[in-house]
Amino acid sequence: MSVVVVVSMKGGVGKTSVTANLAVAMAAELGEGCISTVDLDPQNALHLHLGLDALERQSVCRQSLRRRNWRDVLVGSAYGVNCIPYGAVSEAEREAFENILASEPDWLGRQLAQSGLGEDDVVLIDLPPGPSVYLNQAFACADLVLIVLLPDAGSYSTIMAMESWIEQMRFQRPDLETVYLLNQMDEAVRLNRDMGEVLRQRLGKRLLPVGIHRDEAVSEALAFLQPVLVYDPRCQATQDFQRLASCLLEPSAR
Ligand SMILES: Nc1ncnc2c1ncn2[C@@H]1O[C@H](COP(=O)(O)OP(=O)(O)O)[C@@H](O)[C@H]1O
Ligand SMILES: [Mg+2]
């Protein structure tokens with residue numbers, strides 16, 4: 001099993017959109033049911049991108065409070081991707097879950113070990129922005145950390161904080177692979193082009209050669225509770241997500 005975690009220091013950069021659409025693009029390559037997504041963000045939005053109307057019990061938070069494995073609450077979407085929603089929970093439930101995560105650093109590792117997922121399966125994990133108990137858990141189990149950036153000065157200013165985080169994790173995970181993904185690039189905007197260039201100089205090969213363009217179809221797709229690959233199979237963002245999936249599934253391509 002490969003674990004890909006999608007992170008950023010800033011909110012609103014497109015982590016959840018990337019997690020859902022990348023998962024759908026990977027499922028188109030690897031086959032239905034090979035990709036599972038886990039929502040570790042209390043915003044609880046990931047399942048909506050996959051058109052899922054989760055039941056009350058289909059919640060990674062509630063399931064953990066019941067001390068049960070999330071395997072029983074995995075929801076299959078119409079797009080070949082499984083999802084485990086965070087769940088629409090109360091503040092008290094969220095706090096209790098976060099206390100478990102803080103006191104049991106191997107919680108995610110145990111869940112994955114008991115998940116019944118196969119060797120060739122891929123798990124994508126969506127996270128809230130910035131440092132959190134969720135990020136600690138995800139870093140500890142990740143094979144690949146995908147850091148989402150916008151082509152703006154705000155994202156650039158977060159790179160130092162992210163790199164210092166990764167440095168701290170190096171002690172526990174010396175071979176952890178971390179790559180940056182540029183999302184919402186608009187070639188017509190000069191600042192976007194310039195920031196893209198600055199980021200490439202700063203990050204070198206760690207900035208993926210494939211980025212996701214700014215494309216209104218991404219937001220429109222969510223309004224229809226669909227992945228963009230289904231909403232508009234020919235648009236720019238769909239092609240970008242397909243390229244990104246191939247790039248990540250074929251490590252020699254990056
Ligand atoms: N490539 C893109 N092109 C256009 N809009 C995008 C793109 N990626 C994300 N968005 C929009 O940006 C907003 C924030 O995205 P979201 O995935 O919720 O970010 P995060 O999970 O990092 O908070 C949403 O309205 C989403 O539709
Ligand atoms: Mg999000």
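**Note on the predicted model**

T158 is buried, with a relative accessible area of 13%. The structure discussed here is a predicted model, and the points below take up its features in turn.

1. **T158 and its contact.** T158 sits in the loop that runs between α7 (153-156) and α8. A polar atom of its side chain lies 2.6 Å from the backbone oxygen of S155. T158 counts as buried because its relative accessible area of 13% falls under the 20% limit.

2. **The ligand site.** There are 14 residues around ligand 1, and those that come nearest are G12, K15, T16, S17 and D215. In G14, a polar backbone atom is 3.0 Å from an oxygen atom of ligand 1. In K15, an N or O atom of the side chain is 2.8 Å from an oxygen atom of ligand 1. In T16, a polar side-chain atom is placed 2.8 Å from an oxygen atom of the ligand. Ligand 1 taken alone exposes 560 Å², of which the protein buries 81%.

3. **Aromatic pairs: F97 and W107.** The count of aromatic pairs comes to seven. In the pair of F97 and W107, the ring centres are 5.4 Å apart and the planes stand at 75°, so the arrangement is edge-to-face. F97 belongs to helix α4 (residues 91-103) and W107 to helix α5 (residues 107-113), so this pair ties together parts that are 10 residues apart in sequence. Both F97 and W107 are buried.

4. **Aromatic pairs: F139 and W165.** The rings of F139 and W165 have centres 5.5 Å apart and planes at 85°, so this pair is also edge-to-face. F139 lies in helix α6 (residues 133-141), whereas W165 lies in helix α8 (residues 159-170); the pair therefore ties together parts that are 26 residues apart in sequence. F139 is buried, at 0% relative accessibility. W165 is buried as well, with a relative accessible area of 13%.

5. **The aromatic cluster.** One aromatic cluster is formed by W70, Y86, F97, W107 and Y134. The edge-to-face pair of F97 and W107 thus has both of its members in this cluster.

6. **A nonpolar surface patch.** L48, L222 and L225 make up a nonpolar patch on the surface, and together they have about 210 Å² of accessible area. L225 is placed in the loop between α10 (216-223) and α11 (228-231). This residue is partly exposed, with a relative accessible area of 41%.

7. **Backbone at N44.** Phi of N44 is near 60°, a positive value in a residue other than glycine. N44 is found in the loop between β2 (35-39) and α2 (46-49). N44 is buried, with a relative accessible area of 13%.

8. **Backbone at R67.** R67 is not a glycine either, yet has a positive phi of about 60°. The loop between α3 (60-65) and β3 (75-76) holds R67. R67 counts as exposed, at 53% relative accessibility, whereas N44 is buried.

How values were computed: Residues are numbered from 1 along each chain as its sequence is written. Chains are lettered from A and ligands numbered from 1 in the order in which they are written. This is a predicted model: local features need pLDDT of at least 70, side-chain atom pairs count only at pLDDT 80 or more; totals for chains, interfaces and linings use all residues. Side-chain values use heavy atoms; hydrogens and water are left out. Patches are made of residues with over 30% relative accessible area and no salt bridge: like charges are joined within 9 Å, nonpolar side chains (Val, Leu, Ile, Met, Phe, Trp, Tyr) within 5 Å. Accessible areas come from the Shrake-Rupley method with a 1.4 Å probe; for residues, only the protein chains shown count as cover. A salt bridge is a side-chain nitrogen of Lys or Arg within 4 Å of a carboxyl oxygen of Asp or Glu. Helices (H or I, at least four residues) and strands (E, at least two) are DSSP runs, numbered from the N terminus. Buried means under 20% relative accessible area, exposed over 50%, partly exposed in between (1.4 Å probe, protein chains only). Rings of Phe, Tyr and Trp (its six-membered ring) pair if their centres lie within 6.5 Å; planes under 30 degrees apart count as stacked, over 60 as edge-to-face and the rest as tilted. A residue is near a molecule or strand if one of its heavy atoms lies within 4 Å of it. A polar contact is a pair of N or O atoms within 3.5 Å; within protein, one must be able to donate a hydrogen and the other to accept it, and residues adjacent in sequence count only if both atoms are side-chain atoms.
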